[in-house]
Amino acid sequence: MPEPALVRLPPGQQLAAPGKWPTVGERGSAAGGPWTVTICGQVERPQTFSLAELQAMPRARQIVDIHCVTRWSKLGVAFGGVPLAALLAPACPKPSARYVSFVARSLRRHSTSLPLEEARESGALVALEADDRPLDELHGGPVRVIVPGRYFYKSLKWLEHIELLAADRLGYWESEAGYHNAADAWLEQRYLAPALTRQQMARALASRDFSGQDLRSLDARGHDLSGLIARNAILRDADFRDCRLQGAVFDGANLSNAHFEGADLRQTSFVSADAEGANFAGADLRGANFAGASLFGASFYAEGFDQAAPQLAALIDGATRIDPASIDQLTPLQAAFVVAARSTR
Ligand SMILES: Nc1nc2c(c(=O)[nH]1)N[C@H]1C(S)=C(S)[C@@H](COP(=O)(O)O)O[C@H]1N2
Ligand SMILES: [Mo]
């Protein structure tokens with residue numbers, strides 16, 4: 001009997017629409033000559049593999065559940081490729097090699113890292129195929145890393161260098177965006193603890209102008225912030241539960257995984273905001289504007305919502321603007337809820 005999907009969903013994750021695979025982060029590799037993958041750093045014998053050499057190596061096929069930190073999961077993707085452990089063997093890692101850093105052939109030379117033992121034990125794959133077809137460029141083709149069990153930001157697209165290190169070197173998201181370096185989806189290791197001091201939080205809350213500021217993990221729960229201006233602010237993982245935010249402006253802000261449960265968001269503007277994984281359950285969204293917003297993994301109602309517990313669902317009406325393209329990014333149940341709410345109220 002197949003395992004029920006819920007048993008396979010880590011805490012705080014939701015299933016993406018069937019057949020959908022969102023693209024997250026960079027959308028393509030950088031130009032260059034023929035593709036190669038090198039193994040360098042703390043190894044006895046540095047290696048360079050051409051794509052043809054990788055393709056000719058014994059291949060493993062592994063069923064992997066994808067869990068993105070922005071709260072969507074896609075279960076049961078069959079990845080095909082060379083096990084990382086097998087690829088490393090001929091390079092003879094030195095005893096001093098304790099971490100592995102994967103570096104991408106991309107404009108910002110994107111990278112991510114893992115303790116070497118964990119990379120080996122997790123069954124990490126240097127993948128060439130997904131569901132028995134060559135990987136698309138959007139999803140890291142021709143060759144990407146797949147690290148089962150970790151949030152998907154540990155699965156680097158467009159792999160160019162595998163560098164073994166004596167000391168860890170934080171990757172791009174881990175150093176630039178405060179993503180947790182361990183990234184265990186089952187332990188919900190999404191982000192590091194707040195980067196803000198209490199004083200910084202108090203000052204920001206008093207000013208009511210967050211524009212352009214980095215206030216990730218801000219704790220604003222229960223505050224009256226009506227009329228707040230937060231254009232292009234970084235508010236990832238911020239807590240706005242039960243806030244009064246009537247008429248606030250979050251245009252262009254990064255609100256991924258932010259909490260808005262129970263907030264008053266009437267006439268609030270989220271134009272072109274990144275609200276991936278944000279939670280609006282129980283918020284009053286009448287007249288709110290989500291034009292051009294990214295809503296992958298966002299929620300508008302919580303499990304257990306029914307007539308008896310209407311506070312678990314957002315209040316949405318015909319004046320709440322959410323474009324079809326944004327609705328399309330929601331899970332099927334969330335999308336159905338939003339569509340029904342917009343037409344009946
Ligand atoms: N080179 C590169 N690899 C990357 C990223 C990136 O921006 N650049 N983003 C990471 C993140 S956050 C995720 S969730 C996955 C997304 O992979 P997908 O676009 O195939 O869904 O790739 C990861 N690997
Ligand atoms: Mo991600």
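This report describes the domains, strands, nonpolar cores and selected residues of one predicted protein model.

Residues are numbered from 1 along each chain as its sequence is written, and chains are lettered from A and ligands numbered from 1 in the order in which they are written. Because the model is predicted, local features need pLDDT of at least 70 and side-chain atom pairs count only at pLDDT 80 or more, while totals for chains, interfaces and linings use all residues; side-chain values use heavy atoms, with hydrogens and water left out.

## Domains

The domain assignment of the protein chain gives domain 1 (4-187) and domain 2 (195-345); such bounds come from an automatic or database domain assignment. The centres of the two domains, taken over C-alpha atoms, are separated by 32 Å. In terms of contact (heavy atoms within 4.5 Å), 15 residues of domain 1 meet 16 residues of domain 2. Between them the domains bury about 1,100 Å², 47% of it on carbon and sulfur atoms. Buried area here is the accessible area (1.4 Å probe) that two parts lose on being put together, summed over both. On the side of domain 1, Gln 14, Thr 70 and Arg 71 lose the most area to domain 2, together 42% of what that side buries.

## Strand pairing

Helices (H or I, at least four residues) and strands (E, at least two) are DSSP runs, numbered from the N terminus. Two strands pair if DSSP finds at least two bridges between them.

Strand β4 (residues 60-67) pairs with strand β5 (residues 72-83) in the antiparallel sense over seven bridges. Within this pair, Ala 60 has Gly 81 of β5 as its bridge partner. The hairpin of β4 and β5 has four residues between the strands, and Arg 71 takes a positive phi near 80° there. Arg 71 is also one of the domain 1 residues that lose the most area to domain 2.

With strand β3 (residues 47-50), β2 pairs in the antiparallel sense over four bridges, and the two form a hairpin with five residues between them. Val 37 stands opposite Phe 49 in β3. With β11, in contrast, β2 runs parallel, joined by four bridges. There Cys 40 stands opposite Glu 163 in β11.

## Nonpolar cores

A nonpolar core is a set of buried Ala, Val, Leu, Ile, Met, Phe, Trp, Tyr and Cys residues joined through side-chain atoms within 4.5 Å. Buried means under 20% relative accessible area, exposed over 50%, and partly exposed in between (1.4 Å probe, protein chains only). In soluble globular proteins, nonpolar side chains tend to be buried together.

The largest nonpolar core has 49 residues, of which Phe 240, Phe 250 and Phe 300 touch the most other members. Helices α5 (198-207) and α7 (332-344) each supply at least two residues of this core, and α7 gives the most, with four residues. Leaving aside neighbours within four places in sequence, the contacts of Phe 250 include Leu 228, Phe 240, Leu 255, Phe 260 and Phe 270. Another core, of 29 residues, lies apart from the largest one and has among its members Leu 54, Ala 119, Leu 128 and Val 147.

## Cysteines

A disulfide is a pair of cysteine sulfur atoms within 2.5 Å, and a search of the whole structure finds zero disulfides. The sulfur of Cys 40 is 15 Å from the closest cysteine sulfur, in Cys 92, and is therefore too far for a bond.

## Selected loop residues

The table gives the relative accessibility of several residues.

| Residue | Relative accessible area | Class |
|---|---|---|
| Ala 31 | 82% | exposed |
| Leu 170 | 45% | partly exposed |
| Cys 40 | 24% | partly exposed |
| Trp 158 | 1% | buried |
| Cys 243 | 1% | buried |
| Ala 183 | 0% | buried |

Leu 170 occupies the loop between β11 (159-165) and α4 (172-176). Leaving aside neighbours within four places in sequence, Leu 170 is in contact with Ser 111, Ser 175 and Asn 181.

Trp 158 lies between β10 and β11, and Ala 183 between α4 and α5. Finally, the peptide bond from Gly 141 to Pro 142 is cis, with omega near 15°. Pro 142 is found in the loop between β9 (133-134) and β10 (144-146).
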